[in-house]
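Here are some notes for a colleague who is about to look at this model for the first time. Please read them with the sequence and the structure side by side.

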Amino acid sequence: MARKAAIIGGGVIGGGWAARFLLNGWDVGVFDPDPQAERKIAEVLANARAALPALSDVPMPPEGKLTFHGTIGEAVEGAEYVQESVSERIELKHKVYAQLQQSNPGVLIGSSTSGFKASDLQKSAVSPENIIVAHPFNPVYLLPLSEVSGSPANPPAIVEKTVQIMKDIGMFPLVIRHEIDAFLGNRFLEAVWREALWMLKDGIATTEEIDEAIRMGFGLRWGQMGLFETYRIAGGEAGMKHFMAQFGPALKWPWSKLMDVPEFNDELVDLVAGQSDAQSGMYGIRELERIRDQNLVGFLRALKERNWGAGKVLREHDERRAAAFHATLDTGPKAVPLVMAQMQVLPGWIDYNGHMTESRYLFACSETIDNFLRLIGAGMDYVAAGHSFYTAETHIRHLGEAKLGDRLTGTIQILSADEKRFRSFVRILRGEDCVATVEQLCLHVDMKVGKTVPAAPEVWGKLKAIAEAHAGLPLPEGAGRAVGQKKE
Ligand SMILES: NC(=O)C1=CN([C@@H]2O[C@H](COP(=O)(O)OP(=O)(O)OC[C@H]3O[C@@H](n4cnc5c(N)ncnc54)[C@H](O)[C@@H]3O)[C@@H](O)[C@H]2O)C=CC1
Ligand SMILES: C[N+](C)(C)CC(=O)CC(=O)[O-]
C-alpha cells in the first residue's frame with residue numbers, strides 16, 4: 001500500500017509538494033479552502049509530470065492517488081506525514097496544527113514556513129515534539145533542498161524521520177544545527193534581495209539588469225559550487241587565504257547597504273512590479289514556469305552527468321530506486337526470458353515524428369544487456385580489471401511506437417553462448433506489447449590486447465547456466481532475420 005502525505009495549503013508551495021510526493025509514489029490528501037486550489041494543483045502537476053521524470057534514469061514509481069477534502073480531518077486521515085504550506089501567518093499555522101493534532105494525534109507535521117522557527121510554530125501545540133520545519137525551495141518538485149530545522153522540543157527520532165521522508169521523495173535534507181529565523185537559504189536570499197531593492201530604488205539598475213548580472217555571471221557559479229568553493233578558486237593558486245587578504249578590506253568599504261533597508265511603501269512596490277511587468281509580462285505564469293523547469297532540468301542533468309552538487313542527489317536517488325528494482329528481480333537460471341531493465345520514455349527521447357527516437361531503442365537494449373552483464377559478474381569491476389563484452393552485431397526491429405511517458409521493460413533471452421561470445425534476443429515491452437526486438441552478438445574481449453578471449457570461469461559459469469536454461473525455449477519469432485526479409 002502506498003504511503004500517504006497530507007498537504008495542507010495547496011498554493012504555490014503546497015502544489016509543488018503535492019506533485020513531488022505523488023510522482024514519488026505517495027498518495028496525497030489535500031485540504032485548501034480556496035475554490036481554485038484543485039485547478040491550480042492540476043496545472044502545477046501537469047508541469048511537474050513534464051519535468052521531474054526528465055531528471056531520472058530510473059522509471060518513476062507508479063504515481064500516487066490525489067484526493068481533495070473538505071476538512072483538515074479528512075485530508076489527514078491515514079497520513080503518516082503532513083506538509084503544512086498555508087500562508088505565512090503564525091496564528092493561522094497554530095490553528096491548523098491544533099486541528100491536525102486533534103484529528104490525527106501523533107502525525108508528523110513538517111512546515112514549509114520561510115522563516116518562523118520551529119519553537120515559534122510549536123507554541124501552544126498539544127504535541128510540540130511532532131512539529132518541525134521542512135523548508136523547500138520553489139519549484140519544490142525539482143529543487144532538492146529541504147531545510148530541516150527543529151527546536152529542543154523535537155527528539156532526534158523526529159528529525160531523523162523527517163530526513164528519511166525527504167530522502168524518500170528525492171530531496172536533500174539539510175539539518176540546520178542552530179535554530180535561527182529564516183534558516184540558511186532565506187537569511188542569505190534576504191540580504192541579496194535588500195541590496196537589489198536598494199539598487200532599484202536608487203535608480204542604479206533595472207529589474208532586468210539586476211537579473212542579467214545574476215544569470216550571466218555569478219548565478220551560474222552559485223548553482224554548482226556555492227559561495228565559498230567559488231571564492232576559493234578566485235584566490236588562484238594561493239587559495240582562500242589569498243582571496244581573503246585581497247578582498248577582506250572590502251568589508252569596510254561602501255560596497256553594500258546591508259545594514260540599512262529601503263522603506264517598504266507603495267512607491268517601491270510599484271517600481272518593482274512595473275519593471276518586472278515590462279521585463280517578463282509577455283509570458284503567462286505557467287509558461288514562465290515551463291521555461292524555468294526546462295532550464296533547471298538541463299542544468300541539473302549536466303550536474304548529474306558530473307555527479308556533482310544537486311546532481312549527486314539525483315544520481316543517488318536513482319541508484320536507490322534502481323537497487324530496489326533489482327532486489328525484486330527473479331534472476332535465477334530458468335526457462336523464461338529474464339526481466340533486466342525498466343525505463344520510462346523521457347521528453348528528450350522523442351523525435352520529430354512524435355515517438356521514441358531510434359537511438360533510444362538501442363539505448364533500451366544497452367540498459368538491458370548492461371544489467372545482464374552485471375548479473376553474470378561482468379559489471380564495472382570486471383571492466384576495470386581489463387575484460388569486457390563488446391557488441392559485434394545488432395539487428396533492431398521496430399514493431400510499435402513508444403510514446404512520451406510510456407513505461408518500458410527490457411527482457412533478455414540467450415539464444416546461444418560459448419566461452420567467448422553470446423547471442424541474445426532482447427524484447428522491449430510496453431506492458432504486454434513488444435515495441436521492439438534487438439538481436440545482438442557480443443564478444444568477450446581482453447581490452448589490453450584488443451582480442452577475443454574466453455571469459456573468466458565464474459562469468460562463463462553463470463552465463464552457461466542461463467544459456468542452458470534458455471536452450472529449451474522456442475527460437476523467438478524474428479530471430480536470425482535479415483533486414484527486408486519477407487515474413488514467412
Ligand atoms: N512562495 C515561495 O516561494 C515559498 C513559500 N514558502 C512557504 O510556503 C508556505 C505557503 O506559501 P505559498 O505557497 O507561497 O503561498 P500561497 O498563497 O500560494 O498558498 C497558500 C495557500 O494556503 C491556503 N490556505 C489559507 N488558509 C488555509 C487553511 N486554513 N487551511 C488550508 N489552506 C489554507 C490558501 O488558500 C493558499 O492556497 C508559506 O509558509 C511560505 O512562507 C516556502 C518556500 C518558498
Ligand atoms: C520568498 N521566499 C522567502 C518565500 C522564498 C523562500 O522561502 C525560498 C525560495 O524558494 O526562494
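**Notes on the model**

1. According to the unreviewed UniProt entry, the annotation "domain: 3-hydroxyacyl-CoA dehydrogenase NAD binding" covers residues 4-177, though such annotations may be inferred rather than shown by experiment, and their positions are given in the numbering used here with feature names shortened. This span is 37% helix and 21% strand, and its end C-alpha atoms lie 28 Å apart; helices (H or I, at least four residues) and strands (E, at least two) are DSSP runs, numbered from the N terminus.

2. This is a predicted model, in which local features need pLDDT of at least 70 and side-chain atom pairs count only at pLDDT 80 or more, while totals for chains, interfaces and linings use all residues. Residues are numbered from 1 along each chain as its sequence is written, chains are lettered from A and ligands numbered from 1 in the order in which they are written, and side-chain values use heavy atoms, with hydrogens and water left out.

3. Over residues 183-252 the chain is 74% helix and 0% strand, with the end C-alpha atoms 26 Å apart.

4. Ligand 1 is surrounded by 21 residues, and the closest are Ile 13, Asp 32, Glu 88, Lys 93 and Ser 114 (a residue counts as near if one of its heavy atoms lies within 4 Å). Helix 1 (12-23), helix 4 (90-103) and strand 6 (131-136) each supply at least two residues of this shell, and the largest share, three residues, comes from helix 4.

5. Among the polar contacts of ligand 1 (pairs of N or O atoms within 3.5 Å), a polar side-chain atom of Glu 88 lies 2.6 Å from an oxygen atom of the ligand, and a backbone N or O atom of Ile 13 lies 2.9 Å from an oxygen atom of ligand 1. Of the 820 Å² of accessible area that ligand 1 has on its own, the protein covers 74%, with areas taken from the Shrake-Rupley method with a 1.4 Å probe.

6. Which residues are found around ligand 2? They are Ser 114, His 135, Pro 136, Phe 137, Asn 138, Asn 186 and Leu 189. Polar side-chain atoms lie 3.0 Å from an oxygen atom of ligand 2 in the case of Ser 114 and 2.7 Å in the case of His 135, and an N or O atom in the side chain of Asn 186 is 2.8 Å from an oxygen atom of ligand 2. Taken alone, ligand 2 exposes 320 Å², of which the protein buries 52%.

7. The second largest pocket (an open set of points on a 1 Å grid, with protein on both sides within 12 Å along at least five of seven lines, its lining residues having an atom within 4 Å of a point) has a volume of about 1200 Å³. Its lining has 26 residues, of which Trp 222, Leu 227, Tyr 231, Trp 255 and Ser 256 lie nearest the centre. Helix 7 (185-201), helix 8 (207-225), helix 9 (228-234) and helix 10 (239-247) each supply at least two residues of that lining.

8. The whole structure holds two cavities of 30 Å³ or more, a cavity being a set of points where a 1.4 Å probe fits but cannot get out. About 120 Å³ of space lies in the largest cavity, where helix 13 (residues 310-327) gives the most to the lining, with four residues.

Notes: Grid points are joined across faces, edges and corners, and a volume is the space filled by probe spheres set on the points. A polar contact is a pair of N or O atoms within 3.5 Å; within protein, one must be able to donate a hydrogen and the other to accept it, and residues adjacent in sequence count only if both atoms are side-chain atoms.
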